[in-house]
Amino acid sequence: MFGYLAFMLFLPTAAMLTKSLTLKPAEFWQIATSAIALSTYNVTFTTSLLAALIDGVFGVLIAWVLVRYRFPFRKLIDASIDLPFALPTAVAGLTLATVYSDQGWIGSLLAPLGIKIAFTRFGVGLAMMFISLPFVVRTVQPVLMQMEQETEEAAWSLGASPWQTFWRVLLPPLFPAILTGIALGFSRAVGEYGSTVIVSSNTPFKDLIAPVLIFQRLEQYDYAGATVIGMVLLMISLFMLLVINFIQAWGKRYDG
Amino acid sequence: MTDRGIEPVLQTSDLPPRYGTQTKESWIPTLFIVIALIFLALVLYIPAINVFYEAFHKGLGPFLHNLSEPNFQYAVRMTVALAAIAVPLNTIFGLCTAWALANKHFRGRTLLLSIIDLPFAISPVVAGLMIMLLYGRQGWFGAWLIEHNIKIVFAFPAMMLATAFVSMPFVAREVIPVLEEEGTSQEEAAYTLGATPWQTFWRVTAPNIRWGLLYGVLLTNARAMGEFGAVSVVSGNIMGQTQSLPLFVEEAYKSYNTEAAYAASVLLALLAVVTLVLKEILERRTGRGAKKIH
């Protein structure tokens, strides 16, 4: 088991670390902060964050609806939430690019209003929303199921408004789960390549994202350039992993 | 009807405030359900239906014609071959890991668990890049591999490594919780009754974990067959040589062969549907109340 882990995981990571160490710090810094690299971080991180936050709002709503209400096809809809996990990302990118293009089912309705989604940053964000949605729903859903409805009813009968009940009673115990879901969705969206590369026009300084830039650097046999940007993404992933562990540890205080 | 005048009096003075919220409740659930469904339709359902529409709207003839293309058939075989190697490898690894980590307490266990999850945190493109830096022309083993005329990068071995990398943690992740829930008492009982470790595994452990294991294998397979980013980086994407099905989809789309792209997409979408259905069945078998994230 350790042999496999070493061969599959440690060896490749070590190869990347040593490659990045062959560069002088000044060189590394210069590539990592070049204008094009900075623009891809900007596009990647702000779009991922927005996508994760939108998923945060709608994901909580979907989890709430699935747990608390009974309506036709509820089970089917519940099962379909995992579609983005099961559907290959290339297919997701392809169909989003078609549906939201100027001639697509939804894109053609938005085109007269001057809204373009496919092949812009909105398209990238939409693909990120697609792949990240299950993370929010599936982290919030189990916590909601464990919560007792009596608590809210108690709040109501004591005279709290629905708004107060939501902010003071429902949200606090859900909050760690919501944050975890958003963080998981965000880190998935940052690394995403398959769906975003297809739905984006990959124009530098507009909708070019960091993973695509790595890919382009490799295509030009610029291994150093690819490695530097790869290291930046890897650091962000590890940082997000720490953040998620921290949120989960913090959320445990509600379990006692 | 004659007592109608009493109602407003009751409402303002005697009933608890909840009375007001109850009348609101009748439309709030409907509103929430409608908003949730509209969001899901825009992000998930309409794009999903579109896959099937685009593939079949010109009838079955063009669809079947696309399926008979040699490059397409090659890509299907490639995808099946990748999964056929990566899934068993990761299943054995996952079982060993679960067996080594579950119900054990030692220093660094949490760290080891996080390390096993790393392939999910790392961007697939970065995973591909790592493989290039190991086996590529300028990589650690590059010179040695060229000398011995072994082709890894831009060929099947690297694609296999990339596929195995991204789908590595699923089995361990699903089996560890099952093992922890079962505890070790049954195994211990088997040992004291004189069973060998091998017998204990097959007679006691395996029946306990089988549904969790199948669940993990199912997710591993879905990821292995659908992986795009990591495989794309290391494959060179040469049609009819190093092209798996997801790569075929992108290539066909980029070369304006949208119909072929959608014909291949239908196959991958069916894989997704089968995965979801089996997942649902397994979730019922394992008696899982809530669904898990992976």
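Which residues have the most contacts inside the largest nonpolar core?

**View 1. The largest nonpolar core of this predicted model.** The core has 160 residues. A:Ile214, B:Leu129, B:Ile131, B:Ala162, B:Val234, B:Val249 and B:Ala264 have the most contacts inside it. A nonpolar core is a set of buried Ala, Val, Leu, Ile, Met, Phe, Trp, Tyr and Cys residues joined through C-beta atoms within 7 Å. Buried means that 20 or more other C-beta atoms lie within 10 Å of a residue's own; exposed means 12 or fewer, partly exposed is in between, and C-beta atoms are placed from the backbone. Helix α8 (residues 121-146) of chain A gives the largest share of this core, 13 residues. Domain 1 (18-57) and domain 2 (67-285) of chain B both give residues to this core, so it lies between them. These bounds come from an automatic or database domain assignment.

Two notes on reading the model follow. Residues are numbered from 1 along each chain as its sequence is written, while chains are lettered from A and ligands numbered from 1 in the order in which they are written. In this predicted model, local features need pLDDT of at least 70 and side-chain atom pairs count only at pLDDT 80 or more, but totals for chains, interfaces and linings use all residues.

**View 2. The surroundings of B:Leu129.** B:Leu129 touches A:Met16, A:Ile214, A:Leu218, A:Ala226, A:Thr227, A:Gly230 and B:Val233. Residues up to four places away in sequence are not counted. Two residues are in contact if their C-beta atoms, placed from the backbone, lie within 7 Å.

**View 3. The bend in helix α1 (residues 2-21) of chain A.** This helix bends by about 35° at A:Phe10. The bend is the angle between axes fitted to the seven residues ending there and the seven starting there. A proline, A:Pro12, follows within four residues. Helices (H or I, at least four residues) and strands (E, at least two) are DSSP runs, numbered from the N terminus. The buried residues of α1(A) are A:Met8, A:Pro12, A:Ala15, A:Met16 and A:Lys19. They pack against α13 (223-251) of chain A, together with α7 (124-135) and α9 (156-166) of chain B.

**View 4. The contact of chain A with chain B.** Chain B gives 68 residues and chain A gives 69. On the side of chain B, helix α3 (residues 28-56) gives the most, with 16 residues. That side has 48 nonpolar, 13 polar and seven charged residues. Ala, Val, Leu, Ile, Met, Phe, Trp, Tyr, Cys and Pro count as nonpolar, Asp, Glu, Lys and Arg as charged, and the others, Gly among them, as polar.
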